[in-house]
Amino acid sequence: MTAPTLPGLAPAAPTPVAPRPGSRAARMALPRSVDVLKEIAAEYGVCVRPLAMRRTDLDTGLTEVIDLPCGATREDKCAPCAKKNRRLRQAQIREGWHRDDEPLPPPKPATEEQKALILLRGHLEFSRDEASRACQWDQVADLDEAISEVEEAITAEGLRGRVAPPHSTGDEDQGDEDNGRRRKRSTKRRQDAPDLPRRKVERRTVGKTYTAPDGSTYRPSMWLTLTLDSYGPVRPDGTPVNPDRYDYRRAAWDAVHFPRLLDRFWQNLRRCEGWNVQYAGCVEPQRRLAPHAHFAIRGTVPRDILRTVAAATYHQVWWPSVDVQQYTADRPPVWDEDASAWVDPDTRQPLTTWAEALDAIDEDPDAEPVHVVRFGAQVDARGVMPGTEDAERTIRYVTKYITKHTGDCHKITSGRQRAHLDRLWQELRVTPCTDRCANWLLYGVQPKKAHAKLRPGRCKGRVHQRDTLGIGGRRILISRDWSGKTLTDHKHDVRAWVRALLGVTVGLDGVDDQGATVEPVRHAWELARPDDPDVPAMAHRLLRSISERARWRSDLLAAKDRAAQPPSSTSPHGTTHDTGEGLQ
Ligand SMILES: [Zn+2]
Ligand SMILES: [Zn+2]
């Protein structure tokens, strides 16, 4: 969906009266050098808010501060990292989509680089834990991004699987299916099995090959869009025809639990199809501000199967009732230190605990899930042939919004749109995000692991923030066996900084796996604080990185020129320039 062109609201061009030389106005008209520095950094693809890591050589004791790219995925935080991330995603989708072999890497002993990365991941974990105990949520978010950056590097270095489960960002932790760690599995609060045929799932992840009458073979893949149900009719600008009858409550709950629904969909589809269907895609808001998801699927699945599975898939939320809001953020329950519980401000009676609330559901023979999420009737699926312009266009389409905040994907230009967003947000503010959400206190229930620091009705969870539209978790969803380890472009790009980070000296040409490091270097890593005396000022670090990058780029261009005897095919590495990365 492209936004209609903006009405003629461009600010009137300022009248060109030259300010008096030397006046304040004249000075203010000069570009600020700090801004130019950032601009150049962006131009050179240098991270503008790097994380300083202190590396100590364990043999010599020498320390050095090394900048780790922040790994932000949003342009408004760090455009160079966000763009790099998008390129990697595009490469990843491209690589995995039409592959015709199974991505099953043989296990090898870990290299020093791999071990160092795991260690680095450990340090980040430590810092994250510290920040989270100090309730420094912005730092936690930053560290999460650094963690995923390192995890990608770990994958690119050829390690399989995850080092550790991701930190729950809301949708992961429903207490219902807490990876076997829950206190007891209730017979009551389970998911009903959907009404679908079931087959044993083969390990196969690649699609079928078809043979044309002329003997040529082809292996098409698919493109799928899954959408949520209607909450009431909407206009072309995404706003409800009748705001008072638009079901904001269901819209909010659906948005919060959408990731779970998608998980169920893939589970059901694999069971129904009998092979390990692989996907890569993203979740983003529609104009009406409800999430939908686009997926590239490897191989083909008959369209009516996709529709049947989508129609049969649902996710039940077995949480306490939220019908009655007993408290408000202005008149909240209070923490009772002696009872170590949240209590009613007047009666001092403790609120129902999470365990009690769930037990009540278990004991009630007529209990119903507090919410059930389903897809809407609209399921779009089509075949895509590998290597076509259609395939490329589709990849660009799926990654179009990934560098933007959810709330920035669609421009809000009218009062009606603003009102729609506000109503949805008001609903999201009081919708519980997880079983630990502080908002449960409004409904007279103490969330799981309740503690004194909760702020009733003011949960910091991402889904409650206005610009997430309830889409709080990961927006990029890629199945485990999507790209395997032969993601060469992806890997190369990541490797460059991995090597720099690890202090491995590499030439610009012929960087390759073997022989890059022979002598094991033993290093200890720690996160350096910006005010540590050995950490140079941010501007100095940026200047240094830009200079390095500029030299590196000209060397690379020179090397390319030298090698450019054969017709210069387009390099997929994208290490130097962002082409065509402007606003689309
Ligand atoms: Zn960055
Ligand atoms: Zn919450």
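Select Val-317 first, and then look across to strand β11, where its bridge partner is His-371. Keep in mind as you go that what you have open is a predicted model.

Now widen the selection to the whole of strand β8, residues 314-317, and to strand β11, residues 371-384: the two run antiparallel and are joined by four bridges. If you colour the side chains of β8 by the way they point, you will find Tyr-314 and Gln-316 on one side and His-315 and Val-317 on the other, and because all of these residues are buried, both faces of the strand are covered.

Next, select Arg-298, which sits in the loop between β7 (291-297) and α7 (303-312). Is this residue buried or exposed? Its relative accessible area is 1%, so Arg-298 counts as buried, the limit being under 20%. Show Gly-96 as well, and you can see that its backbone oxygen lies 2.6 Å from a polar atom of the Arg-298 side chain.

For the last stop, select the zinc ion (ligand 2). Which residues coordinate this ion? They are Cys-433, Cys-437 and Cys-459, each through SG, together with His-464 through NE2, at 2.1 to 2.2 Å. The four donor atoms make angles of 106 to 115°, and the site is tetrahedral. Along the chain, these donors follow the spacing C-x3-C-x21-C-x4-H. Cys-437 and His-464 are 27 residues apart, both in the loop between α10 (415-430) and β12 (476-478), and the pair links distant parts of the chain. Display the surface around them, and note that Cys-437 is buried at a relative accessible area of 1%, while His-464, at 7%, counts as buried too.

Note on methods
Residues are numbered from 1 along each chain as its sequence is written. Chains are lettered from A and ligands numbered from 1 in the order in which they are written. This is a predicted model: local features need pLDDT of at least 70, side-chain atom pairs count only at pLDDT 80 or more; totals for chains, interfaces and linings use all residues. Side-chain values use heavy atoms; hydrogens and water are left out. Donors are N, O and S atoms within 2.8 Å of the metal (3.2 Å for Na, K and Ca); water is not among the atoms, so sites may look incomplete. Four donors count as tetrahedral if all angles lie between 85 and 135 degrees; four count as square planar and six as octahedral if opposite donors are over 155 degrees apart and all others between 65 and 115; anything else is irregular. Buried means under 20% relative accessible area, exposed over 50%, partly exposed in between (1.4 Å probe, protein chains only). Two strands pair if DSSP finds at least two bridges between them. A polar contact is a pair of N or O atoms within 3.5 Å; within protein, one must be able to donate a hydrogen and the other to accept it, and residues adjacent in sequence count only if both atoms are side-chain atoms.
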